[in-house]
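Please look over the two-chain model below. The report walks through the contact between the chains and then a few local sites.

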Amino acid sequence: MTMATATAFCAAPVAIALVAATLAAAVEPPELRSTVRGDAHEVPAETRVDAAEARHIPGTEGDALKVVESLPGVARATLGSRQLVVWGAATSETKVLVDGVEIPALYHVGGLRTTINSYLLSDVTLTPGGFTAPYGRALGGLLRADTVALSQRGVHGHVAADLLDVSALLSAALGRRLHIAAAARYSWLDLLLGKLVSPKVQSYFPIPRYDDYQAKLTLALRPGEELSALLLASDDHLLRSVPAADPASARADTTDAASYRVALPYRLRSDDGTTTELTPFVGYDHTLSQTRFGEHPTRLETTAVRWGLRGSYRRRVARLFTLALGVDVAAAHTRVVRSGSLTLPPREGDLYVFGQPPSDDLNRDDFSATIVDAAPFVQGELRWRRLTVIAGLRIDADALAGNHVVPPFGNLPVVGFQRLAFAADPRLSLRLRVHRRVVLTAAAGLYHQPPDAADLSPLFGNPTLGLMQAVHATFGLSVDIHEGLSAELVGYYKELDALVSRSALPSPPLGQALLQTGSGRSYGGQILVRQKLWRGLSGWLSYTVGRSERQDHPDGPTRLFDLDQTHVLAVVAGYELGAWSFGARFRYASGFPRTPVVGAYFDARDDLYQPLFGPQNQIRLPDFVQLDLRVDRRFAWPRLALDLYLEILNVTYQRNPEEIVYNERYNQPSYITGLPTLAILGARVSF
Amino acid sequence: MRRLALVLLVAGCQPSLGPPLSLVDAARVVAVRAEPAEALPGASVTLTPLVVSPAGTVAQPRLDWSLCLAPKPTTENDVVSAACLQAGGTTPVARGVAAPTIALPSSACRLFGPDLPPEVAGAPAPRARAPDATGGYYQPFVIDFSSRLSDGRSSMPTIALERIRCGLAGASMALAVAFSLQYTPNRNPTLTPLGASVAGHAVALDQIPRGAVVNFTVGWSADSPERYPVLDPLAQTLISHREAIRVAWLASDGAFHDEETGRGEDDVLLDSANAWQAPARATIVHLWIVLRDSRGGVDFASYDLTVR
């Protein structure tokens, strides 16, 4: 691509957004409105946001789960990425649960939308660390979304459309006991832009295509007893093709992702407060990442069949003491088909610069791995006067098996592997109300996470990988200041161990391309000042300062985590004035670390330049600053309401650098910048 | 990270990338032809560089040549180990020489190929190094031009890669035998003379109209794109491939429509075309064409264009 064409494309997203982002219609059945839950939480820094509130926050485009981007402890992710970086942990180390069922990704490919319809959600809870014994298999944080209680009467519809997608929701009460809701969404951004943008431009600006659909059925068995069925499904497709007159210079990327979950939650709440919950689920995931850099093909395809069970029994066994027993089981049988360089897809800690072709080595593997993690847990809750103590123990028993312990070689018979791994994770959480308005909290615990099935490849990874480990310690001080105005100050420290990193050997032994020799730590503090709705005003200020480091090998240097972000500030404010409401969001964040390119050499065989790197992660992208505004106007009739809104992203037209890019000789750095000013005008109808 | 880079393009803006590589604005090595193009470890190869400058081809460049004996770690994404570019990381083999004849290390297939190092008792079994998409392994050479530039400017080092003939890893005995029967060591491709036309009419290279869009066509001999087998280790079969051909275009002035053109391995045509915008003034322009096949074979040619 020449300089002239690259520059010309920059104007395209602005014009496209302003022209096309004008239509939005949604129907919000009043019966599906979620309720605000109590603020009390037992773990420092746990933040819960009502879904209805989240949908009106500027920058979310009405997508409730995207509120997580403005919560404390969450790094500002690169535009268009699917990253969820919580307290310096990798995205894969933070779990996303919907009604207790893990889903593989929060965002659709491209990061434009989350994978769950916002109108089916009740609230969103982020626990950046120190979570309690019922949850595990995560070294980082925990993001939980609960689905909304279904409509108790009538039939309600929901149709929505905007620049990105079109969606529909249907909710019905089939008698007094049976309630059902179903939602579906299909992206049409590619169709809209396909009419406006030439195929050549689309080859440089790939437009993701996605869909998702959900269904929930609730059967009230007896008072306090309920059986539900939940379907969560998501599909993604992204194709980018950069043609070239030289076929060996042509590039193509394909990303496909599909995820399906079916769960049967059962809940029984007795008159004495005893609760029994049981949620079995099955699922299927498929991901395909295929890249072709000229003659260098790379393919990673995973197909996973999943099943699991989450169950708990919680009962007050004494006046001050409540006991919870439960089990959390997750199993996956994964087939991995992979070919290409060992260095692609890249891992955290890899030296890489934007646009660099992969190494030319071509490896091939086709293997299966099964990981079954069964985790019984016990948790006791002592509530004595102003003190609450929650102590728990979780035992993770992992069975890991695979069909290859070494790569296939000639006609030799293949040998599989199987082994067990155990981990005992004690957790402790304290909450002490030292004053009517002041609460101290602290939490600590041990956490384990099984390896990624794709890393068990005998060729690309290591079949002997075991559990990774983390220690969390957090403490907090929360103050109820006045009329819904509260503040919380939290400090945190995480120690990570047995992390998976690449072998630094030129020719690692068989099955040892990856080693479990990495370690790391992250520490910092955050403050959240939050105003609940008071005289029309609501919002929060969150600020996080932190540092996250990694050491790939015990004798290696300590470096910054690839997604380390020192400062993250978000200010969210909303004001309701009659039928009008106004919102604003301001964000500031430090740039991610990058490794400087200090030189280059010419590769005469491939006719291209290759970079020479300086010290790892020694420079940073410039800081990110963005202001978003939103205004809503509601028109209401007896059975109908119309909401108009205007959302303006990046009001100040800040040219935020998102990535460093070099010229072909690697002697002239520049930046890829993010969103220009983007106006989204929409309408919402509810009946 | 690469996936991240991809999605950045969804909504972001890519900045300017600078002048094209096809414009020769300083002296540099742009290609190295090895003869033979593929050799056994221990064999001698003659390396002939193409050094270009705004004043034309550098006829007898004085270059420093070194052998790199450091295999690339799996943590590095480049084509050679970063140690090859560090002081003391290479073994000098020729100094101030234009086209040296160098003996390949006898251990080349163990350092850069599939030959396994000796097993150590109690240690995990070593792994065979993976080939490239053509099944090839390569011995790197480092070419240093910096100390030879008359104007004292520094120049980027150049890496030349000589394809080495090694055994076949991961194959049954029968497949290995079949492979050795089918495989023909790579030979350098051969360029045929350059043709030029303006608006569909042939034009002589010394009669280029100023400001004209010139269509160049270059061809190669019919035996340049060779066939070769590649092992699919999972299917345990040999797959027959045909070499793709790449053409790099360079000039001291003017602008090419494409910096590289070529033919894929399924494309049987034996030529490739490119358009070039001639300068708007009368001048002499130096033009270079570099032909590369998929297995590392090289040919090149230079022309002087007279723009009138």
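**The interface**

This is a predicted model. Chain B puts 76 residues in contact with 90 residues of chain A. The size of an interface is often given as the accessible area lost when the parts come together. Between chain B and chain A, the buried area is about 7,700 Å². Carbon and sulfur atoms give 60% of that area.

How many salt bridges are counted between chain B and chain A? The count is two. B:D25 forms a salt bridge with A:R665, with the closest N and O atoms 3.3 Å apart. Polar contacts link 17 residue pairs between chain B and chain A, both residues being at pLDDT 80 or more.

Several elements of chain B each supply at least two residues of the side that touches chain A. They are α1 (2-11), β1 (28-35), β9 (158-164), β13 (227-232), β15 (245-251) and β17 (260-263). The largest share comes from α1(B), with 10 residues. By class, the residues on this side of chain B divide into 43 nonpolar, 16 polar and 17 charged.

**Strand pairing**

Strand pairing also crosses between the chains. Strand β28 of chain A, residues 597-603, pairs with β9(B) in the parallel sense over two bridges. In β9(B), B:I159 is the bridge partner of A:D603. β9(B) is also among the elements that supply at least two residues of the side of chain B touching chain A.

Within chain A, β5 spans residues 142-147. Is β5(A) enclosed or open? Five of its six residues are buried, so β5(A) is largely enclosed by the rest of the structure. β5(A) pairs with β2(A), residues 95-98, in the parallel sense. It also pairs with β4(A), in the antiparallel sense.

| Strands | Sense | Bridges | A bridge pair |
|---|---|---|---|
| β28(A) and β9(B) | parallel | two | A:D603 and B:I159 |
| β4(A) and β5(A) | antiparallel | six | A:T127 and A:L142 |

**Chain B as a whole**

Chain B has three helices and 20 strands. Of its 308 residues, 56% count as buried. Consider contacts in chain B between residues at least 6 apart in sequence: 66% of them join residues at least 24 apart.

**Two loop residues of chain A**

A:R113 is found in the loop between β3 (101-103) and β4 (121-127) of chain A. Is A:R113 buried or exposed? Its relative accessible area is 5%, so A:R113 is buried. Leaving aside residues up to four places away in sequence, A:R113 touches a list of residues including A:T60, A:E61, A:D63, A:Y107, A:H108, A:D162, A:R185 and A:Y210. A:D165 is another of these residues. The side chains of A:R113 and A:D165 are joined by a polar contact of 2.7 Å. A:Q83 lies 30 residues from A:R113 in sequence, and their C-alpha atoms are 12 Å apart.

A:S590 lies in the loop between β26 (580-589) and β27 (593-594) of chain A. Why does A:S590 count as buried? Its relative accessibility is 6%, and the cut-off for buried is under 20%. Not counting residues up to four places away in sequence, A:S590 touches A:Q565, A:T566, A:H567 and A:D623.

Note on methods
Residues numbered from 1 in each chain as written. Chains lettered and ligands numbered in written order. Predicted model: local features only at pLDDT ≥ 70, side-chain atom pairs only at ≥ 80, totals over all residues. Heavy atoms only, no water. Contact = heavy atoms within 4.5 Å. Buried area = accessible area lost by both parts, 1.4 Å probe. Salt bridge = Lys/Arg side-chain N within 4 Å of Asp/Glu carboxyl O. Polar contact = N/O pair within 3.5 Å; in protein donor to acceptor, adjacent residues only side chain to side chain. Helix = DSSP H or I, 4+ residues; strand = E, 2+ residues; numbered from the N terminus. Nonpolar A, V, L, I, M, F, W, Y, C, P; charged D, E, K, R; others polar. Pairing = 2+ DSSP bridges. Buried < 20%, exposed > 50% of the residue type's maximum accessible area, 1.4 Å probe, protein only.
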